[in-house]
Amino acid sequence: MEKPYRLQRRGGDGSRPVEEDRDRADVEDDDGRRQCGRKTRLGFRSQAMDDVCEGKDFSFPKQEEKILQWWTEVKAFETQLEKTKGLPEYIFYDGPPFATGLPHYGHILAGTIKDIVTRYQTMTGHHVTRRFGWDCHGLPVEHEIDTKLGIKSREDVIKMGIDVYNEECRSIVTRYVGEWEKVITRTGRWIDFKNDYKTMDLNFMESVWWVFSQLHKKGLVYRGFKVMPYSTGCKTPLSNFEANSNYKEVPDPEIMVTFPILDDQEGAAFVAWTTTPWTLPSNLALCVNSNLVYVKVKSKSNGKIYVVAESRLSELPVEKAKKGTPNGAVDDNSLPKAKGSTGGKAKSSVVAYEVLDKFSGSSLVGKKYVPLFDYFKEFSDMAFRVVADDYVTSDSGTGIVHCAPAFGEDDYRVCIENQIINKGENLVMAVDDDGCFTERITDFSGRYVKEADKDIIQAVKARIVECLVWNLVFYMHLRKEGWSKLEALRIHIHFAGDLIPLSSTEQFPAVEKLKDQLLENNNKTKWVPAFVKEKRFHNWLENARDWAISRSRFWGTPLPIWISEDGEEIEVMGSIEELERRSGMKVTDLHRHKIDHITLPDKRGPKFGVLRRVEDVFDCWFESGSMPYAYIHYPFENAELFENNFPGHFVAEGLDQTRGWFYTLMVLSTALFEKPAFRNLICNGLVLAEDGKKMSKRLKNYPSPMEVIDDYGADALRLYIINSPVVRAEPLRFKKDGVYGVVKDVFLPWYNAYRFLVQNAKRLEVEGLAPFVPLDQATLCNSPNVLDQWINSATQSLVVPYLLKFIDNLTNIYVRFNRKRLKGRTGEEDCRTALSTLYHVLLTSCKAMTPFTPFFTEVLYQNLRKISSGSEESIHFCSFPEVQGKRGDRIEQSVNRMTTIIDLARNIRERHNKPLKTPLSEMIVVHPDAEFLDDIAGKLKEYVLEELNVRSVVPCNDPLMYASLRAEPDFSVLGKRLGKSMRVVAEAVKGMSQEDILSFEKAGEITIATHCLKLTDIKIIRGFKLPDGVTEEQMDAAGDGDVLVILDLRPDESLFQAGFAREETYIKEALGSPLLDFSMIPKHAVIIAEETFHNISNCNFKITLSRAALAFNEKAILEDLYSVDCIENQPAVDVVLGEHVFLTVGDYLASTKAL
């Protein structure tokens, strides 16, 4: 249900209600028109504007729906594209969302920003192709099919058939396309859904192949291992973009394990700490820090000798000898339960151990130890020894880290660097795709790794008599968990399993080689806000790692790599034509089930067999990063279009894409062309629920977008979100009332100003004058009226940040202060000048606001264009307003100061309970700017006197006559800049004399303690100084640090008479009729309304609104027969009382019944 929009009565011109308006009779000069306008087809040209309804009767949502229908009828978007064909291209990249979910406020926000920029660029002389895109591959789609079909493992897919599985995936990727198009279109966004692109299209996939083949030719692709987050539910590695979005507290065991040192005479053991016992069977090394100090300690309770970092000795548990146990063996149940991430900090640990020796970590490098298990005994020559690396720290664990290279990124790197394993060789994996131990781990084969933790701990204890395990605690550990919310993919996915670190054989673009070029290209781009580029994105690029782009899945673009049976011959296909030529087969689809069977003959001869395609598919982020090329099928088509306009001009997405789409775009464009992919980027923040939490369908903590649009309109929603912190990459707490506030504070005043123009333009016709035709702007530039000059000047500076302020000034300054002129009370010529000025200002502001509020500006334009020859059919075919004439900086500043003066004077009146109806004798304006004072005492004077009801305005340029000056440093500006010098500078500023302050204001700067301070660095505070013999009740002042306003509040009898006369004049103008003394009212007049006024200029009076009535000859009425001859254009007639005419309704009814 639509909400009523009008909360309070405003002036008919849309201006703010003030006390004067509230107290007077509620009369309006609007010709009595209340209809909502004749029903005419949008775009129809007539010689006059249509009537318009009151703001309370204007439904923004319904008007938007009419505009949408009209846009469809006239093919407005298509026409705009056709009209701009041939103009310079403005290339916009639209990031593809998944179509497996419905659009939310995040999509609407990004879509609105994209629509604003592309509409603006179109209006400034560009051709902007806007095609919607869909991300069709990847885990979100596969997961839905897995859930639907009950698929639990890769083997289930193989048994079903990859062809059946992939076609199931294909069938759901466009499930919500219709809903997306409905919502996006309703928000006012113009984008081509019919000519969209999909990442599963043949042309798109072929361009992705070309991108990869180019990387391969440049030597930027290699095959290697990488430890990656691995979903045991989805059976695939995940990119950091996918996995990093969800961390959840889950219980993990924390243990310390001893590793006996080989051939140590004292039987010492290294103590390592881990929270992943399931990785212990794959241990190949221990890592220390060369720069840390380590100690060899002896337990005073059982004589065991351990090696740990000195700084972590306090972390060793305090052991107690078990009664009756030889040599004091450890009773695990007697150990204290520690708290925290690294076990309990037992204060008595230091005294429980005797320090035998101290040495550096570097001295431990190379020492061998006894492996916990013999699953990897073939590595004994190079493995099971101590290595060193700086990633080992002194703030957790024991200073000794157990390394399992298959399950830790640092573990893998350290083992490679120390030749425990060799880069590029197949790494023996102990865990399969389902997260279960392989047959190599004989004791736990087939067991799910996380479920085997406890049994592994027990096996370590039992396997080697010298090995000890301290069970410290099960602690809450932030770990990637089953529920992974893929914000970067903008869809919710439930991974039915843990995310574990797992090494995987992948294809890697060598991103680290491109790091310097990436940073250089980033500097070539412009971001809004800039700090995201300079900090967040810069840091991400600076720490860029090689990117694993292959996935062991089914529904995606297959890697175009064919490899021989012996692994020696590798071919990368860069096009369909190349694959067809090499294979001799026709290719119509590049998905796995269509090409996996295709083989290539080995160039070395038949005896080497054939080349078969590797099974993996691309990471879907590689596909979206290829979008600038693939969506236009480059280089197979549109080569000139691409090469003449790359990098693209503009992209926009959310903050989460800094590590997602923005990153992949930059990496691939840098690798391919040594250029950034885009020139300009807008990065928005997140839209949260009103309570600051993430929007949740389950919690129902936000209104649906369509509900908000149906209540208040899409324009209000658009303006609300883009005029918020979210466009500065900050979070927005979405409030539905905030959208309503935009309607109330922006659209209704704007509409009422437009309505005021239409009413008074049509009034000219009603009064028998020539129809209103706006004067040309060249004529208006010469208007002598100061407010015409001001509003025309302000219109020249219509840039985005000031548009809303401009609309506020239009309604509450120009229209409000010019009501008499606009209503024709200063003469017809002046009226037409004022109306023409308002017309052109409204038309210009509509054009400037068109990218932001496409519906409302179209509504206004369609009526305004009716009296303008040669206008475009739609406002969206118009050019963006250009500067015409010179700006009047002085008059703009003077009018702005005038509004400040009026606000300050009203504040004084309110403090002293002096309503605006009470006239005052004098107002003094104190300011050093002589030109401003000339304006206030000259061309702006009449507006000040009228608004404030004062008899005279006295300018004063002596700041010390009525004020004392003092200076205060602006700490918010100077604090960071001056640092420790702030105190000295602050004291000096506060100690400035009045003469110093005046000199500073004149010079514009002052040097204090070697620091040059400007006018913006110091606040000059003007305190009011009462004249001698005057009290605060008689005179008061208010200032804003720039101008000081003083009001003389003393009563004067002559002022009361002037006030009453002013009130009488106002009522006459409002009624459009002279006032008569009540004694002159005929006794036969009909009283329509009466209103009594109290304490108006110390007077009480009553206004009676009456109308004439028929008067009868009383003497004749006493007779039965009398003659009526007073009706114009009618002959005289004899009337019989009681037969032809009745004195009352009762007489008539009585006579009827009698008959």
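Select V1086, I1088 and L1105: together they make a nonpolar surface patch of about 250 Å². Patches are made of residues with over 30% relative accessible area and no salt bridge, with nonpolar side chains (Val, Leu, Ile, Met, Phe, Trp, Tyr) joined within 5 Å and like charges within 9 Å. A salt bridge is a Lys or Arg side-chain nitrogen within 4 Å of a carboxyl oxygen of Asp or Glu; areas are Shrake-Rupley values with a 1.4 Å probe, and for residues only the protein chains shown count as cover. I1088 is found in strand β36, residues 1086–1096. Helices (H or I, at least four residues) and strands (E, at least two) are DSSP runs numbered from the N terminus.

This is a predicted model, in which local features need pLDDT of at least 70 and side-chain atom pairs count only at pLDDT 80 or more, while totals for chains, interfaces and linings use all residues. Residues are numbered from 1 along each chain as its sequence is written, and side-chain values use heavy atoms, leaving out hydrogens and water.

Next, select 561–563 and 610–613, strands β19 and β22, which pair in the antiparallel sense over two bridges (pairing needs at least two DSSP bridges). W562 has R613 of β22 as its bridge partner. Widen the view to the open antiparallel sheet, ordered β20-β19-β22-β21. Its edge strands are β20 (570–572) and β21 (599–601).

Finally, go to helix α8, 177–186, where V177, W180, V183, I184 and R186 are buried (under 20% relative accessible area; exposed is over 50%, partly exposed in between; 1.4 Å probe, protein chains only). Just after α8, G188 takes a positive phi of about 95 degrees.
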